[in-house]
Each structure stands twice: as structure tokens, then as C-alpha cells.
Amino acid sequence: MAYNHIVILTGAGISAESGLSTFRDAGGLWAGHRIEDVATPEGFARDAALVHHFYNLRRAQLNEVRPNAAHLAIANFAQTHTGTLTVITQNVDDLHEQATNGHDMPQGYSLLHMHGELRKARCLATEEIFKWHDTMDASTPCPCCNKPKRLRPHIVWFGEMPLYMDLIGHHLRRCDLFVSIGTSGNVYPAAGFVQQVRSTGNGHTIEINMEPSQGHSLFHEKIYGAATQTIPEFFINL
Ligand code: BV8
């Protein structure tokens, strides 16, 4: 069947084989850290140095990693897909961008980072957002006010509103195919998107993951295995 409006939700599992650790797998990102200390506004207010260090390490790691076959399969499919293809990523890495680098992407393609981006910073005073590839800390002046203690990572922390929620709701209602890739289905509202597709729209829903996620029973179809195996095969046959 040819699908017209496709929504893909990706999580840390799609970047795992590029060498970026996931959150909840053994030895994952949260190992050694409490979410409350490194991924909440309260943690940032309590110890900004710890939070900057956590994100500086992850931002620096992006210089060492490349998109894998799963990112590339989505980018290749997007170039020939004649309908709309909306990639909603929970990931803050830029591997989906790197996979499409150098290609003119069709008008129907869009990439939405609902949890923000590691390579962007935001001014606490003006909310202005800046591309940011280096480290930052409390002493780093923001480019707009030129004052210290005003920069934070442009990341959506727990308890903060995810980005693009209205636009995401529109795509979930309209899609005829929803594919969830590499996410454990632990974090809301992303974990609730499959339910939203089924209750507000009539999209076919597919989970592609290493193992059943928390919400696996909500999907019409499931494919399990490593993303670099399952995703290229899936999109070649789509
Ligand atoms: C919010 C940025 C209010 C930080 C992240 C009900 C409704 C609404 C909210 C809540 C709710 N219940 C609880 C909440 C609050 C909370 C929440 O969900 N808490 C959880 C812990 C219970 N949610 C929030 O606070 C959110 N905000 O609710 O605002 C609101 C909401 C809606 C409307 C109005 C108001 C904000 C959450 C965002 C937090 N920020 N990221 C950073 O990156 O440092 S979340 C972070 O964890 C990731 O971004 C990701 O989204 C999330 C989950 O991680 P996954 O991507 O799923 O990774 P994980 O390790 O868990 O799983 C990896 C999977 O890959 C595994 O299944 C594994 O099997 C698979 N895998 C591994 N290797 C491979 C593989 N698959 C294939 N191939 C492989 N090789």
C-alpha cells in the first residue's frame, strides 16, 4: 500500500548503533545520574555546572559520531516520497540532519526536535536560540545580552513543555502511517502519540524497536531487531 502522510517518531534507539548511548539501556545516559539532577529546570537551578557538564560531554560526543544505516534509510526514502514525511524526534542529537546533509529535501519533508537540540543554546532572558557547537557554562556570555549566567542548553527537560506540540497534533490526526522507531515508550507525551493517532485519526501504526516498548500493545504491527537491520529493509519495501 502507498502511504501519503507518514509520521515517524524516533527515540534514542535509532542512534544507539552510531555510538550514542540510550537512556535506559544498561550503561545508558542516566547511569550515574539522577534525572532530577541533570534533566530538570530544578536541577539546573540547583547545580548549573553539573548540568552544563552533562550536556557539554554529550555535545562533544556528536563530533565523533555519524548517522547509521537507519538514519540514512529514512533520509533516502524522504527524497523520493511524494507525500508528506514528518520525522518527530525525541533525540537531541543531529544525526537525522547529518543524514540529509547535501541533499535537497522535498517540500513535504520536515524534522521536528520535540525535546530540543544539543547543538543549540537559549538565552534565559530573551529566549533567543543560537547554534552552539562548543562547551558552555555559567560564565559564557550569551550573544544577545553579552552577559554571563544567561545561557542554557536548548533542551526540553522533564516538567517542561515539549516543542511543536500543536503541529505534532495536526500531523498525528492526518497521518495514514505512524512508525515509532527506537523508543521505550516511557516518556510522555511522545509515548502517547500512538494512542493519539488511533483516537483522533486512522493511521496504521507500526512499532520498530529492539524489543517491545511500554506501549507495544497499542500498535497494529511490530518489527523487532536492530535498527540498522530493520529500518533499511522496512523503507525499501514501503
Ligand atoms: C511534559 C531531553 C507537560 C533531555 C528528554 C503524562 C502526560 C504528560 C507528561 C507526563 C505524563 N506522565 C509523566 C509525565 C512527565 C514526564 C514523563 O514522561 N516522565 C516519565 C519519566 C514518566 N514528561 C515530561 O516532563 C515532558 N513534559 O510532560 O510537559 C506537558 C506535556 C504535554 C502537554 C502539555 C504539558 C517532557 C519530557 C522530555 C524530557 N526530555 N530528552 C535529554 O536528552 O537529556 S526525554 C529523554 O528520554 C529522551 O529525549 C527521550 O524522549 C526519552 C525516552 O528515551 P528513549 O528515546 O525512549 O530512550 P530509551 O533509552 O528510554 O529507550 C531506547 C529504546 O531503544 C529501547 O526501547 C531499546 O530497546 C531501543 N534500542 C536500543 N538499541 C536499539 C534499539 N532499537 C533499535 N535498534 C537498536 N540498536
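Thr230 is found in helix 8, residues 227-236 (helices are DSSP runs of H or I with at least four residues, strands are runs of E with at least two, and both are numbered from the N terminus). With a relative accessible area of 10%, Thr230 is buried (buried means under 20% relative accessible area, exposed over 50%, and partly exposed in between, with a 1.4 Å probe and protein chains only). Keep in mind that this is a predicted model, where local features need pLDDT of at least 70, side-chain atom pairs count only at pLDDT 80 or more, and totals for chains, interfaces and linings use all residues. Residues are numbered from 1 along each chain as its sequence is written, and side-chain values use heavy atoms, with hydrogens and water left out.

**Two residues to start with**

- Setting aside neighbours within four places in sequence, Thr230 is in contact with Ile208, Ile223, Tyr224 and Gly225 (contact means heavy atoms within 4.5 Å).
- Over in strand 6 sits Arg152, which counts as buried at 5% relative accessibility.
- Not counting residues up to four places away in sequence, Arg152 touches Phe44, His52, Ala121, Arg122, Leu124, Met136, Trp157 and Glu160.
- Arg152 and Glu233 are 81 residues apart along the chain, and 39 Å separates their C-alpha atoms.

**Overall build**

- The protein chain has eight helices and nine strands.
- For 238 residues, a compact globule would have a radius of gyration near 18 Å, and the protein chain agrees with its 18 Å (taken over C-alpha atoms, with the globule rule being 2.2 Å times the number of residues to the power 0.38).
- The C-alpha trace spans about 55 × 35 × 35 Å along its principal axes.
- Of the 238 residues, 50% count as buried.
- Among contacts with a separation of 6 or more, 66% come from residues 24 or more positions apart.

**Domains**

- The protein chain splits into domain 1 (5-19 + 67-115 + 163-237) and domain 2 (21-64 + 116-155), with bounds that come from an automatic or database domain assignment.
- The C-alpha centres of domain 1 and domain 2 lie 25 Å apart.
- Domain 1 puts 18 residues into the contact, and domain 2 puts in 14 residues.

**The pocket between the domains**

- What lines the second largest pocket? The residues are Val92, Asp93, Asp94, Glu97, Glu117, Arg119, Lys120, Lys131 and His133.
- For the terms: on a 1 Å grid over the protein atoms alone, a cavity is a set of points where a 1.4 Å probe fits but cannot get out, while a pocket is an open set with protein on both sides within 12 Å along at least five of seven lines; lining residues have an atom within 4 Å of a point.
- The second largest pocket holds about 190 Å³ of space (grid points are joined across faces, edges and corners, and a volume is the space filled by probe spheres set on the points).
- Why does this pocket lie between domain 1 and domain 2? Both domains give residues to its lining, so that is where it lies.
- Strand 4 (residues 116-123) gives the most to this lining, with three residues.
- By class, the lining has one nonpolar, one polar and seven charged residues (Ala, Val, Leu, Ile, Met, Phe, Trp, Tyr, Cys and Pro count as nonpolar, Asp, Glu, Lys and Arg as charged, and the others, Gly among them, as polar).

**The cavity**

- There is one cavity of 30 Å³ or more in the structure.
- The largest cavity has about 90 Å³ of space.
- Its lining has 13 residues, and the closest to the cavity centre are Ser180, Gly185, Ala191, Val194 and Phe219.
- Strand 7 (177-181) and helix 7 (193-200) are the elements that give two or more residues to this lining.
- This lining divides into seven nonpolar, five polar and one charged.

**Backbone details to check**

- The peptide bond from Tyr188 to Pro189 is cis, with omega near 5 degrees, and Pro189 is found in the loop between strand 7 and helix 7.
- Lys149 is a residue other than glycine with a positive phi, near 60 degrees.
- Lys149 is in the loop between strand 5 (129-131) and strand 6 (151-155), and counts as exposed at 67% relative accessibility.
- Tyr164 also has a positive phi, near 65 degrees, and is in the loop between strand 6 and helix 6 (165-174).
- With a relative accessible area of 40%, Tyr164 is partly exposed.
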